[in-house]
Amino acid sequence: MGNLLKKQHVGGWFLLIAAIAGIVGVIAMLVSNGYSSAYALKGTPMLVLMGIGSVLLCLVAMWTPTLLGNHDVVSTFAILGAVALFSAVMGSMILSRILMVAGLFSYNSQNATGWSVFYAMVVSAAAFVAADLILVIGAFLPSVRKSAAK
Amino acid sequence: MKHTGLWRGLSALMCFLLALSIIAGQALEANSATIDTYLGTQSERIESDGALYDKFKPSKEVLNADGTGNSHALIQKAIDLNREQAYEGAVLLKNENQALPLASGSSVTLFGIRSHKPVLGSAFGVKVWGPVITLEQALRDNRTSFASTIADSASTNWQTGEVTIGLTMNAWTGDEFDFDGAGYKVNPTMIEIYEKLLEKYHHEYNEGAEELFDPREPSLSDIAAVNAGYKGSFAQYKDAAIVVISRASGESHDYLPGGVAEGLGMDEPLALSQNERDAIALAKEASDRVIVLINSSASVEIAELKNDPDVDAILWIGAPGAYGMLGIADILCGKVNPSGGMFDIFTAKNMSAPAMQNMGNFRYANAADKVSRGGGTFGGNTGMYIMEAEGIYVGYRYYETRYYDSVIGAGNASSKTGAYASSGDWNYDEEVTYGFGFGLSYTTFGFAFDGEPVYEVVKNSNGSIDATATFKVKVTNTGKTAGKTSVQIYGKAPYERGGLEKSAIQLLNYEKSGIIQPGASETVTVKVDLQYIASYDSSLNNGEGGYVLDPGKYYFAVGNGAHEALKNIMVKEGLKVDGNADYAVEKDIDESFIARTAFSISKTGEKITNRIPYADWNYFQKGEVTYLSRADWAGTWPKSYTGMTLTNQQLIDLLNGKYYTISTTDDTSSVIWNEGNGARFYEMWGVDYDDEKWDELIRNMTLEEAQYLATYGGPSIPGAETIGTVETYMTENAGNGVAVSLNASKDTTAPWTIAQNDKNGNWHPEVFGNSPLMASSFNPELCYRIGAFIGEESLFVGIPILWGPGLNTHRHAYNGRNGEYYSEDPVLSGVTAMEFAIGALQYGLIAAPKHYAFNDQETNRSGVAPYMTEQRAREVELRAYQYAFEATKYDTPEFDQGMRGLMISFSKIGPVECTASVGLMTDILAKEWGFRGYAVTDIYDDFDIYGAVLTSGTTCFDTRGMSGFYTNTTLDGGRFANQVDGSTVNAELFKGDLKAQEAIKAAVHKVLFAMSQSNLMNRYDATTHVVKLPVFWRTAYQAAEIGFGVLFALFTVLAVISRLKNKEAK
């Protein structure tokens, strides 16, 4: 791991930050799930797996350039996969709670549990969006130092 | 290498944007119907190859000669009806020194900031939308200023408490309308001052109740700070001083006992504040003629005004709606003689009502340990309850019954217990300010029974009994002004002390006279259904339960309200009170006239027994609650039941939603689906509910289609391909108009559709006054006409089912939603709702009264558990629904009229959700009352007990916002995830459950039957289909999906090629 990190260039660090943001997103999603069974997401285990998969893809995208060189095809598809999965998890979360959120801002503003769910969901969604944007920026940049690339 | 990074980065960016586009697209399509409503777009349209719209049409009055819609005429009709609603419903409470009427041409000064910004509607719920006519305009002007007077409403920031005031409509560029106002000159100085003070004391035309209330009435120093010389303006406008006192009503918040901000000089929210008293004092300075307008849907504590000799007149005006101030002006200037009667009793202290001892926040002491079920999709606190220990003694039933007992010296009625305003022992005259049904006129009326009442008892073939008493009442105008009056018939059943609880007086029915000239008479006929004087006895037949009509002497009386009627009866009984025995009749009822238990068979032939015994806390934990009894008013006066402890396991299980277990092993072959018999929905127009064609039609459906229909109850309701129905936006709020603007119609193929570019196109039909104003008219015919007009509105906006009107009874004055419900009296409420709904049906609008039942407070409304006796439930809360749903008045030998829609309450009945109560939904509603129609939950309510709800008799869920069924919104799409029983909602859920399949079939039958009776049928023939339209938001997301998709593919390919070339180059 130490060697892997030593080889990273600016793009690689972006990928690492994206992975961390993704972990934050997954944790916040689980927190938002825990407030009330009424707002638990359908298929939560699958969403968590997708989130973890995205994080792993970020790490893959960090690792493969150390073997195949910057902007290799494998890391490219890993990044695209991570972007898609982060977005899918975020989208699924938002779509399933859109009516709850609409209620909070209109007829159901006193729903304290709902607001707690909403706050955690916003953190989660923001983390996933940040992860996606960081991945996008990272995709433009070289992941490993030239000297490190085989 | 450089290009590879660029392509790769762009590819990732496009991937992200494509994902966002897809998410946006799914969100938009899944909520397309709601988006259409709010944006005024039309994303789909129902079309047909044939010529339709031949079943329901608007009246010629609102159409042009060529059959197209006339928006100007429609609005004019709304103005006229709202005006009539106001002048028929407003109640003159006091009129000393002939203060009213005040002749046209008079010069008046208005006081109270609410005179400048009165409450016209509710902040949330029955809101008044769009342009309005203000009190000042109605008094002074003769043409609307719609462009500058658009109703506003406040929204509160949940986090900061900051209040934002917004207009209900961005702008009005449509027509202005001429009217004949009161013709007064109105002091402009005070108007200018209050306009300025609105910057400090915000007020809106639509407001709601507040838990920590402040009427935000400016002080005299505030007024002087704006214009120190304001008193100098009084001399020029001294013919009268008109003060407006307002209390708002709205959804989701109540007033609470003691819930007032500090330093206001008031101890309760419905009492007067010091600044309001100062405004009245200022009015006395300005004029010798002081008139107070009570602008409220609840009992305001105004005993001090009644007793103040310097306050000459008091007029209750409710929340009069967008144009109702014209009607109020009509009364003030004498164009119309007031004829309304009080919808509720007005007491000196609202806290004196026994119900107020148990109102607000109550949580089980061990809720955290015992109640595991959450607040449901709607959220809310868990483990909340209210103990309705007042029993049947709600509203005037309590005060009048205790009055009677105090006169005869029985039941400790004169005890100090429960006395709040009395100077000594409990004293009716000090406790009550204005009685239920009371109202003054500019003239006087004499009543005389025109012959003996005609009693009829008919035994029907189904075993039920129809027993009626018909009263002909000769009404004579004994004054000098033409006017009309209501004829209210009250009844008193024999009571045996210590026996079954009975109210000393109750309204049985009423009618309203026409305009009677001075000296002239009119005979008004009022037919009373004697089942409404029967009492419910839960202990009958060894605890089986049923209605009883105890043998003995019954009294019937006419009177100006319940108190006068009771006193007339008391005089007839020989008691020495101020009454008129000629206004009462007596009738000995025994088994030779009618069997004691005759009303234990419902009109449908169903035997009536205890159906909701679990409503009573004592059913589970005996002897823990004492209900108020007239046997001992003092000894049974309700205590506040705080911190009740749950010990009974059945009670705990019910609170945790353990109502129904879904079977997986039943033989369901007896329920046939997907028969392929070719039956189509469009053929069902006019087909009777019991016709076997319905079974044929439903057999043609798949179980999945039926489940979709039973799940998604609107506004968008799914189609079913097998029977030729299409997904349609069908339902909307509310009781004061249909909540869709003219130019956002859901049925734009109707010939009368108002064009998008019509200058009145953004007119919004929610304009009528609040429900108490409607009820206080005591005018069934007017209620019918307003219902019919809202039916016409529904044709213009394409909505066949209305979620309204409100039909719960007022348990007490503090329910924030009282403005949406008619009255504390079930007969007044039931008649009003029935007339409204039958009127609406004339134009194919299915009115679905709400909230069935027991929404007795907004506090903790999401699942609060009200406990009460079944007698109380049936004689007060449910009787209003029974009256409306049986709709006996409109039955004919050939046709059994009834209501076709219903919305169910958020609340429970006892520990059981109303939505899942088989007793409430099937045994009482369907079997006893014969309800055949659409019965929907409230919004997102009880999604977590899906199986229990759909097997109770509830036909569907309120799934607002959901649309795009079978694709964007599916049964297994997560909306109904997290069932308390661990089940998974999908199309397979009921495969092995016979009872559930039969319930789904029954639900679909009822929903489709309701639809077949509605103006939806205007759109149906064999070719009816849906066309998706290219609205801007659909075009935008689809273009984004395509564009980003193409770019994503392109950049990805370029990245790969670039990388491979780069590698080759190396």
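Analyst: Let us begin with a term: two residues are in contact if their C-beta atoms, placed from the backbone, lie within 7 Å. Please keep in mind that this is a predicted model.

User: With that in hand, which residues does Ala884(B) touch, not counting residues up to four places away in sequence?

Analyst: Ala884(B) touches Leu807(B), Gly830(B), Ala833(B), Met834(B), Ala837(B), Pro849(B) and Met899(B), once residues up to four places away in sequence are set aside. Ala884(B) is also among the residues with the most contacts inside the largest nonpolar core, which has 377 residues. Helix 4 of chain A gives the most to this core, with 13 residues.

User: Why is Ala788(B) called buried?

Analyst: A residue is called buried if 20 or more other C-beta atoms lie within 10 Å of its own, and Ala788(B) has 21 such neighbours, so Ala788(B) counts as buried. Ala788(B) is found in helix 21 of chain B, which covers residues 780–797, and, leaving aside its neighbours within four places in sequence, Ala788(B) is in contact with Gly839(B), Ala840(B), Gln842(B) and Tyr843(B).

User: What makes strand 27 and strand 29 of chain B edge strands?

Analyst: The open sheet in question has 3 strands in the order 27-28-29 of chain B, with parallel pairing. Strand 27 (731–732) and strand 29 (846–847) each have a single partner strand, so one side of each is left without a neighbour in the sheet, and both stand at the edges.

User: How do you know that strand 28 and strand 29 of chain B are joined?

Analyst: Two strands pair if at least two bridges are found between them, and 2 bridges join strand 28 (residues 801–802) of chain B to strand 29 of chain B, so the pair meets that cut-off. The two strands run parallel, and Ile801(B) stands opposite Ile846(B) in strand 29 of chain B.

User: How many residues does each chain bring to the contact between chain A and chain B?

Analyst: The contact takes 36 residues from chain A and 39 residues from chain B. On the side of chain A that touches chain B, helix 4 of chain A gives the most, with 14 residues, and the residues of that side divide into 19 nonpolar, 14 polar and 3 charged.

User: Which residues of domain 2 and domain 3 of chain B meet, in terms of how many?

Analyst: In chain B, 28 residues of domain 2 are in contact with 34 residues of domain 3. The side of domain 2 that touches domain 3 divides into 8 nonpolar, 15 polar and 5 charged residues.

Terms used. Residues numbered from 1 in each chain as written. Chains lettered and ligands numbered in written order. Predicted model: local features only at pLDDT ≥ 70, side-chain atom pairs only at ≥ 80, totals over all residues. Helix = DSSP H or I, 4+ residues; strand = E, 2+ residues; numbered from the N terminus. Buried ≥ 20, exposed ≤ 12 C-beta atoms within 10 Å, placed from the backbone. Nonpolar A, V, L, I, M, F, W, Y, C, P; charged D, E, K, R; others polar. Core = buried A, V, L, I, M, F, W, Y, C linked by C-beta atoms within 7 Å.
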